[in-house]
Amino acid sequence: MDQKEISRSYFTRVTSGDLDAVYELLAPDFVDHDAPPGTPPGPDAARAFAGAMIAHHPDSKIEIEDVFGEDDRVALRLRWNAEETGYVQYGIVVFRFEDDRIVERWSAYMSAA
């Protein structure tokens, strides 16, 4: 898979409940620059966050609206929707890659009005 396919795969697999995908797609020293202060590096924190999101919004679906990539970076424009809980959020996520693993993440989100 190329970096764009890996990025798409991350969101589709994790939001469908395949939480172990983080260990395959994220580097062991993965850093989420938008995680809460004190969050340790590595896939475990990403897995815990994804699990909490799924628990709070079990019917959550993700739409990947755009994917852009250049060099070692991929940006995705996303939309999360969970009808049961009324959760709707839009966001942009940027991944940085080393080889075929995601090593860094930056994001910006906005809830639907």
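The questions and answers below concern a predicted model.

User: How many aromatic pairs are there by the rule used?
Analyst: Rings of Phe, Tyr and Trp pair if their centres lie within 6.5 Å. Tyr10 and Phe11 form one of these pairs, with 5.2 Å centre to centre. By this rule the count is 5 aromatic pairs.

User: Is the pair of Tyr10 and Phe11 stacked, tilted or edge-to-face?
Analyst: Planes under 30 degrees apart count as stacked and those over 60 as edge-to-face. For Tyr10 and Phe11 the angle between the planes is 85 degrees. The pair is therefore edge-to-face.

User: Is Phe11 buried or exposed?
Analyst: Buried means under 20% relative accessible area. Phe11 has a relative accessibility of 6%. Phe11 therefore counts as buried.

User: Which parts does the pair of Phe11 and Trp80 tie together, and how far apart are they in sequence?
Analyst: The rings of Phe11 and Trp80 lie 6.3 Å apart centre to centre, with 75 degrees between the planes, and the pair is edge-to-face. Trp80 is buried, at a relative accessible area of 8%. Phe11 belongs to helix H1 (residues 3-15) and Trp80 to strand S3 (residues 73-82), so the pair ties together parts that are 69 residues apart in sequence.

User: Which residues form one aromatic cluster with Phe11?
Analyst: Phe11 pairs with Tyr10, and Phe11 also pairs with Trp80. The cluster holds Phe11 together with Tyr10, Trp80, Phe95 and Tyr109.

User: Which element gives the largest share of the largest nonpolar core?
Analyst: The core has 24 residues, and those with the most contacts inside it are Tyr10, Phe11, Phe95 and Ile102. Elements giving two or more residues to this core include H1, helix H2 (21-25), strand S2 (61-70) and S3. The largest share, 5 residues, comes from S3.

User: Which residues is Ile102 in contact with, leaving aside neighbours within four places in sequence?
Analyst: Ile102 is among the residues with the most contacts inside the largest nonpolar core. Contact means heavy atoms within 4.5 Å. With the neighbours left aside, Ile102 is in contact with Ile6, Tyr10, Leu25, Leu26, Ala27, Phe30, Phe95, Arg96 and Phe97.

User: Which element gives the largest share of the lining of the largest pocket?
Analyst: About 600 Å³ of space lies in this pocket. It is lined by 28 residues, with Phe49, Ala50, Met53, Arg105 and Tyr109 nearest its centre. Elements that give two or more residues to the lining include H1, strand S1 (26-32) and helix H3 (43-56). The largest share of the lining, 6 residues, comes from H3.

User: How many residues in the lining of the largest pocket are nonpolar?
Analyst: The lining of the largest pocket comprises 28 residues. By class, 7 are polar and 3 are charged, while the nonpolar residues number 18.

User: Is Phe49 buried or exposed?
Analyst: Phe49 has its place in helix H3, and Phe49 is one of the residues nearest the centre of the largest pocket. The cut-off for exposed is over 50% relative accessible area. At 55% relative accessibility, Phe49 therefore counts as exposed.

User: Which residues does Gly69 touch, not counting those up to four places away in sequence?
Analyst: Gly69 is found in strand S2, and Gly69 is partly exposed, with a relative accessible area of 41%. The C-alpha atoms of Gly69 and Phe30 are separated by 19 Å. The residues that Gly69 touches on this count are Lys4 and Val74.

Conventions. Residues are numbered from 1 along each chain as its sequence is written. This is a predicted model: local features need pLDDT of at least 70, side-chain atom pairs count only at pLDDT 80 or more; totals for chains, interfaces and linings use all residues. Side-chain values use heavy atoms; hydrogens and water are left out. Rings of Phe, Tyr and Trp (its six-membered ring) pair if their centres lie within 6.5 Å; planes under 30 degrees apart count as stacked, over 60 as edge-to-face and the rest as tilted. Buried means under 20% relative accessible area, exposed over 50%, partly exposed in between (1.4 Å probe, protein chains only). Helices (H or I, at least four residues) and strands (E, at least two) are DSSP runs, numbered from the N terminus. On a 1 Å grid over the protein atoms alone, a cavity is a set of points where a 1.4 Å probe fits but cannot get out, and a pocket is an open set with protein on both sides within 12 Å along at least five of seven lines; lining residues have an atom within 4 Å of a point. Grid points are joined across faces, edges and corners, and a volume is the space filled by probe spheres set on the points. Ala, Val, Leu, Ile, Met, Phe, Trp, Tyr, Cys and Pro count as nonpolar, Asp, Glu, Lys and Arg as charged, and the others, Gly among them, as polar. A nonpolar core is a set of buried Ala, Val, Leu, Ile, Met, Phe, Trp, Tyr and Cys residues joined through side-chain atoms within 4.5 Å.
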